[in-house]
Amino acid sequence: MSNEEVRIQLTIAKQQGTLIEVHNLPHDDYFNIGFVVGLDTTFCLLISIDWDGKINDLVAIRLDTIRYTASGTDYLTTVSEKTKVAHEHHYFDLWHIQSFLDEHPDFPNGPILEKALADSYQHQLPVVIGTDKYQGHDDFTGMIHELNQITLNLHYLNEHDLSSMWTYDIPLKQITYVRMRGTQMHTTKQIMDDVFHQY
């Protein structure tokens with residue numbers, strides 16, 4: 001799909017409030033499913049839905065990394081049915097993502113990347129950051145230690161080596177996606193608290 005076709009499909013999904021598949025990684029084993037809640041010139045913001053039909057997190061995805069989108073698929077229909085069960089049994093929004101967006105109505109209006117990073121930095125919330133260098137083969141989960149308009153310094157953890165925290169300087173222009181305020185944020189916070197005593 002062209003960049004313009006991607007933007008059109010995301011805009012339609014946002015206007016109609018429908019689930020959409022967003023394929024932004026080179027391999028198709030993993031892709032995002034969600035509701036588009038924000039769109040600016042560079043990023044889109046999704047409420048990400050997991051396979052169990054519940055909200056996983058908020059994810060900001062760089063538009064020019066999106067290879068294609070899909071709507072109306074059997075996979076989306078299945079996930080949509082699962083969201084009904086999640087709503088009915090009160091586990092759809094365990095992390096109160098919708099409440100956060102209701103309380104911060106300007107958050108999705110952009111600039112999405114800057115607001116996402118500033119929110120996580122100011123409130124000391126862990127994030128997951130993907131970069132164009134690794135193209136989805138690796139991402140970085142941790143706390144933003146320093147942030148400016150050009151770069152950020154991330155103190156991150158390696159789940160396979162908890163001997164120490166690691167640091168990485170990431171130019172903002174290399175960021176392809178940011179996951180925030182969801183499952184990985186909470187689990188990372190717990191690890192950082194128990195293992196590294198960061199909180």
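Five aromatic pairs are present in this structure, which is a predicted model. The one to look at is Phe140 with Tyr156: edge-to-face, 5.1 Å centre to centre, with 85° between the planes. Where do Phe140 and Tyr156 lie? Phe140 is in strand β7, residues 139–147, and Tyr156 is in strand β8, residues 151–158, so this pair ties together parts that are 16 residues apart in sequence.

Buried or exposed, for Phe140? Phe140 is buried, at a relative accessible area of 5%. Tyr156 has a relative accessible area of 17%. That value also counts as buried, because the cut-off is under 20%.

Staying with rings, Phe31, Trp51 and Tyr75 make up one aromatic cluster. Trp51 has a charge over its ring as well: the charged end of Lys82 sits there, 3.5 Å from the ring centre. There is another such case at Phe100, where Arg181 lies over the face of the ring, 3.9 Å from its centre.

Now the nonpolar cores. In soluble globular proteins, nonpolar side chains tend to be buried together. Here the largest nonpolar core has 35 residues. Which residues have the most contacts inside it? They are Leu58, Leu117, Ile129, Leu152, Leu154, Ile175 and Met180.

Take Leu117 from that list. With neighbours within four places in sequence left aside, Leu117 is in contact with Ile129, Ile144, Leu147, Leu152, Leu172, Ile175 and Val178. A second core is separate and has 14 residues, including Ile20, Cys44, Ile61 and Tyr177.

Terms used:
Residues are numbered from 1 along each chain as its sequence is written. This is a predicted model: local features need pLDDT of at least 70, side-chain atom pairs count only at pLDDT 80 or more; totals for chains, interfaces and linings use all residues. Side-chain values use heavy atoms; hydrogens and water are left out. Rings of Phe, Tyr and Trp (its six-membered ring) pair if their centres lie within 6.5 Å; planes under 30 degrees apart count as stacked, over 60 as edge-to-face and the rest as tilted. Helices (H or I, at least four residues) and strands (E, at least two) are DSSP runs, numbered from the N terminus. Buried means under 20% relative accessible area, exposed over 50%, partly exposed in between (1.4 Å probe, protein chains only). A charge sits over a ring if NZ of Lys or CZ of Arg is within 6 Å of the ring centre and within 35 degrees of the ring normal. A nonpolar core is a set of buried Ala, Val, Leu, Ile, Met, Phe, Trp, Tyr and Cys residues joined through side-chain atoms within 4.5 Å. Contact means heavy atoms within 4.5 Å.
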